[in-house]
Amino acid sequence: MIKPVYAMSQVGDCPRALSAMRLGIEPTPQSHGDLSRLAHYSRCESLAAQQIRDLGFELQEGGLCQKCGRQGIHVEIDTPLFLLVGHLDRRMKLDSMTLPVEIKSLGKSSWMRFQKTGFASFPGYAAQEACYLKAESSPGIYWVMERDSGSSLKYCI
């Protein structure tokens, strides 16, 4: 029996959407606007990574994953019932450790909400981060940048 594969970024998603995916129901294709926004958010992620470098930290980039064709550093959690697959944004060298880095680039209102309530308002982000930390067996760095101003929130989780 082939195990189902789920993306770590979808772990906190709606159970109905995950069930539909498991049943083979294709998601709505991404529009040109969706793809354009995704490209912009990826550019913002690069700006946030540069903020980290500007603080003197060395980052390892993932590039294009040879296994999946997605951007990032491929990680997996293999369970008896399913396989979780994810792609870290970066890894950071800190003293003798190498820590996973997750970067989020948010609009002003989402950034302010994250600043006030953290993961409580973003349970999907919390689930994704928990998967990355489990896959890496390590604490990690969580960097949230506000797209308009470049202000950032930094967490060691």
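Eight salt bridges turn up when the whole structure is searched, a salt bridge being a side-chain nitrogen of Lys or Arg within 4 Å of a carboxyl oxygen of Asp or Glu. The structure is a predicted model, in which local features need pLDDT of at least 70 and side-chain atom pairs count only at pLDDT 80 or more, while totals for chains, interfaces and linings use all residues. Residues are numbered from 1 along each chain as its sequence is written, and side-chain values use heavy atoms, with hydrogens and water left out.

**Salt bridges**

- Asp34 and Arg37 meet through their side chains in a salt bridge with an N to O distance of 2.7 Å; because they lie three residues apart in helix H2 (residues 32-54), about one helical turn separates them. Helices here are DSSP runs of H or I with at least four residues and strands are runs of E with at least two, numbered from the N terminus.
- Asp34 is partly exposed at a relative accessible area of 31%, and Arg37 is likewise partly exposed at 41%, where buried means under 20% relative accessible area, exposed over 50% and partly exposed in between, with a 1.4 Å probe and protein chains only.
- Between Arg53 and Glu61 there is a salt bridge whose closest N and O atoms are 2.1 Å apart; Arg53 is partly exposed at 29% relative accessibility, and Glu61 is partly exposed at 42%.
- Lys67 and Glu76 form a salt bridge in which the closest N and O atoms are 3.7 Å apart, with Glu76 partly exposed at a relative accessible area of 35% and Lys67 exposed at 63%.
- Glu45, Arg53, Glu61 and Arg90 belong to one network, joined by salt bridges that share partners.

**Strand S6 and its partners**

- Strand S6 (residues 97-106) has eight of its ten residues buried, and therefore it is largely enclosed by the rest of the structure.
- Strand S5 (residues 90-94) runs antiparallel to S6 and is joined to it by five bridges, two strands being paired if DSSP finds at least two bridges between them.
- Strand S7 (residues 141-146) runs parallel to S6, with six bridges joining the two, and Ile141 in S7 is the bridge partner of Val101.
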